[in-house]
Amino acid sequence: MTEQIMKGIARLLDSDTASSAQKTQLHPVLRLLGVFACILFCALSRNSIFVIGVIAVSLVRIAMLPPRRMAGVLRPVLVPVLLTCLVLLPSVFMGHPRTMLTVALKVFASASTLALLNESVPWKDITGAFAALRMPDIFILTLDMTVRSIVLLGRLCRSMGEAVSLRSFKGPDTARDGRSLVRRERDRTRRDAAGGLLGTVFIRSGMLAERTSEAMTCRCFDGTYRLYKKHKWNIWDAAYVLVLMVLAAAFFYTQSLII
Amino acid sequence: MTTIELHNISYHYPDGQPALQDIDLTLRSGNCYVLTGPNGCGKSSLFRILTGLSFPQSGTYTLDGVPITEKYLRDRANADAFHRRVGYLFQDTDAQLFTRSVEDEISFGLYQMGLPQEEINARTEQYLDRLSLSDLRARAPFNLSGGEKKRCALAAVLAMEPSVLIMDEPLSGLDEEGQDWITRTIRALKTPERLILIATHSGDLAASLADHTIVMDKTHRIQI
């Protein structure tokens, strides 16, 4: 669990580097709308042709990624797909195998487009896209500060976890009941340490919030939060709008096909 | 010309522990004051009072003759006018930096001041350049190194062009090169119109910048 959280934080940090910040020249709002349209069309689709088409395009894009990033995109996609298959497995035995296949494909298409968005657009641009969609300033500020708090408190957690691990030791495991007194004592100490760690993080998060609020007061915060950098529309944005139109046309065309 | 006057300021923490006792101080623009003293002597508490984040239980604090009280700062217009004049560089830069990118951090205060977009752009670019942050402009502040964070926080404060600049331990957490850089930058900030007040444990910084040195002791008083 902790490892997963740390990996998530690492991904956040990684998405902030200069090289990844220049991954895309497209307006993040368009990317967000594109993903939303894809998920909506997949959910509304009455046959598999459109969904398979979306999956094919997604797979082609994923295949162009370096292996490490490819794995980073596919791993979170496979989990909901497998879960969907597991939940819908009874429908196969009840004589409706297509149901499982259709839903699993839709889940795969939706999850893969989302994972690709997450992979190719830095978190800052995604929250910035909300601002361009006229979301309230305070909502964007809350999102940004949440990301910041997750990272800062995650680092604190990691440091404290390392400090705890440096002070713990491995005792002998030989005992009649399989767990020696030393080991039980060690487990108890670790549980206490984890509790202390969580408590400390909670207190520190309160302090951090208080200091931040003071820093905002010192800079005359009045509830306004505007983003400095404005994206300039370019030829790639126009091309992407065309792609979105093709996507919509493909959806309506495939719905007219009878399979 | 800016003048800060403190008369008989005393401040206690909520648990009753004294933080400041009978502080009398007059600070004038055109000077750089360096505040030194042992840990826990009340330097940060004094700074919190000077920046309007805390209020003394007794005594008066005036800025150009205007008493700065809780009631006075409760008025939005007064608070804005006060915070435009008094810039505060926190010791903990992680708490001070809260936006998505370095450029947003610098422009944040400028938007709050209601400046025209052209001026916001001009000042943001000016301070990005002046504090050598242009290459880091798109980076999230929490991902920067200690020295870069300090520069970013300083740029965000300076962009608002305050006449009073208060810095709490500006050298903390910096390597030698970073300390030199900050010292040179602060020296360049000394102008006849600006009042600079710095809390530090660094003798070198005090020696190289201070026009006046203020020493606090463990009794939470200013040594005479």
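In what order do the four strands of the open sheet in chain B stand? Before looking, note that this is a predicted model, in which local features need pLDDT of at least 70 and side-chain atom pairs count only at pLDDT 80 or more, while totals for chains, interfaces and linings use all residues. Residues are numbered from 1 along each chain as its sequence is written, and chains are lettered from A and ligands numbered from 1 in the order in which they are written.

**The open sheet of chain B**

Select the sheet and read across it: the order is β2-β1-β4-β5 (chain B), with antiparallel pairing. Helices (H or I, at least four residues) and strands (E, at least two) are DSSP runs, numbered from the N terminus, and two strands pair if DSSP finds at least two bridges between them. At the edges stand β2 (18-28) and β5 (66-67) of chain B, each with a single partner strand, so one side of each is left without a neighbour in the sheet. Next select β4 (residues 58-63) of chain B, which is joined to β5(B) by two bridges in the antiparallel sense; here B:Thr62 lies opposite B:Pro67.

**A parallel pair in chain B**

Move on to strand β6 (residues 86-89) of chain B, which pairs with β7 (residues 164-168) of chain B in the parallel sense over four bridges, with B:Val164 as the bridge partner of B:Val86. From β6(B), B:Val86 and B:Tyr88 point one way and B:Gly87 and B:Leu89 the other way, and all are buried. A residue counts as buried if 20 or more other C-beta atoms lie within 10 Å of its own, as exposed if 12 or fewer do, and as partly exposed in between, with the C-beta atoms placed from the backbone.

**A buried loop residue**

Now select B:Leu136, in the loop between α6 (117-130) and α7 (146-158) of chain B. B:Leu136 is buried, because 21 other C-beta atoms lie within 10 Å. Leaving aside its neighbours within four places in sequence, B:Leu136 is in contact (C-beta atoms, placed from the backbone, within 7 Å) with B:Val102, B:Leu144 and B:Glu148. From B:Leu136 to B:Val102 there are 34 residues in sequence, and 6.8 Å in space from C-alpha to C-alpha.

**The helices of chain A**

Turn to chain A, which has ten helices and zero strands, and in which buried residues make up 19% of the 259 residues. Select α3 (residues 28-44) and α10 (residues 235-255) of chain A, whose axes, lines fitted to C-alpha atoms over the stretch in contact, come within 11 Å and cross at roughly 5°, on a scale from 0 to 180 degrees between N-to-C directions. The two helices α3(A) and α10(A) are therefore roughly parallel, the word used for angles under 35 degrees. Among the residues that meet are A:Leu33 and A:Phe41 in α3(A), and A:Tyr240 and A:Leu244 in α10(A).

Next select α8(A), whose 31 residues reach 45 Å from first C-alpha to last, close to the 45 Å expected at 1.5 Å a residue. The buried residues of α8(A) are A:Ile140, A:Leu141, A:Asp144 and A:Arg148, and what covers them includes α7 of chain A.

**Where the chains touch**

Finally, show both chains: the contact takes 27 residues from chain A and 30 residues from chain B. On the side of chain A that touches chain B, α2 (18-21), α7 (123-132), α8 (137-167) and α9 (181-218) each supply at least two residues, and α9(A) gives the most, with seven residues.

Definitions and conventions: Parallel < 35°, antiparallel > 145°, perpendicular 65-115°, else oblique. Contact = placed C-beta atoms within 7 Å. Expected span 1.5 Å × (residues − 1).
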